[in-house]
Amino acid sequence: SEVLKGAWVRPDGGYTIVIKNVGENGRLEATYFNPGQLPFARAEASHEGGRLRAFFELRAGGYDGSTYDLAYDPASDRLAGTYYQAVAKQKYDIFFVRRR
């Protein structure tokens, strides 16, 4: 799960997730930028069916419980999954690429 560490950018909007640290229990030390800095209410990594997953929940800044449910794809070095926009109650397929 160390592979999750770093800055991840969503190409469709420039939104950025910065993962500073991965705790033993899967807790992620992470921050969201849009472009201002926002804390995550929850940030967790887990292993499911051989895949490394990352889950993030935003409550600050009017996000009202919006979530990212992402899986790491080693082949493309991407985090891909769904973004649930809680205010609009809509789900979007999105991905993040590693900022080099």
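Which residues does Gln85 touch, not counting residues up to four places away in sequence? Ser66, Gln90 and Tyr92.

This is a predicted model, in which local features need pLDDT of at least 70, side-chain atom pairs count only at pLDDT 80 or more, and totals for chains, interfaces and linings use all residues. Residues are numbered from 1 along each chain as its sequence is written, and side-chain values use heavy atoms, with hydrogens and water left out.

View 1. Gln85 sits in strand 8 (residues 78-85). Strands (E, at least two residues) and helices (H or I, at least four) are DSSP runs, numbered from the N terminus. Gln85 is buried, at a relative accessible area of 19%. Buried means under 20%, exposed over 50%, and partly exposed in between (1.4 Å probe, protein chains only).

**View 2. Arg99 in the segment after strand 9.** Arg99 follows strand 9 (90-98). Leaving aside neighbours within four places in sequence, Arg99 is in contact with Ala7, Val9 and Thr16. Contact means heavy atoms within 4.5 Å. Arg78 is 21 residues from Arg99 in sequence and 10 Å away in space, C-alpha to C-alpha.

**View 3. The salt bridge of Glu57 and Arg42.** The two side chains meet at 3.9 Å, N to O. A salt bridge is a side-chain nitrogen of Lys or Arg within 4 Å of a carboxyl oxygen of Asp or Glu. The pair links distant parts of the chain: Glu57 is in strand 6 (residues 51-58) and Arg42 in strand 5 (residues 42-48), 15 residues apart. Glu57 is buried, at 9% relative accessibility. Arg42 is partly exposed, at 36%. Salt bridges link Arg42, Glu44, Glu57 and Arg59 in a network.

View 4. Arg53 forms a salt bridge with Asp69, with the closest N and O atoms 3.2 Å apart. Arg53 lies in strand 6 and Asp69 in strand 7 (residues 66-73), so this pair ties together parts 16 residues apart in sequence. A salt bridge also joins the side chains of Arg53 and Glu48 (3.9 Å, N to O). Asp69 is partly exposed, at 29% relative accessibility. Glu48 is partly exposed too, with a relative accessible area of 47%.

**View 5. The chain behind the close-ups.** The protein chain has nine strands and zero helices. Of its 100 residues, 42% count as buried. The C-alpha trace spans about 30 × 30 × 25 Å along its principal axes. The structure holds nine salt bridges.
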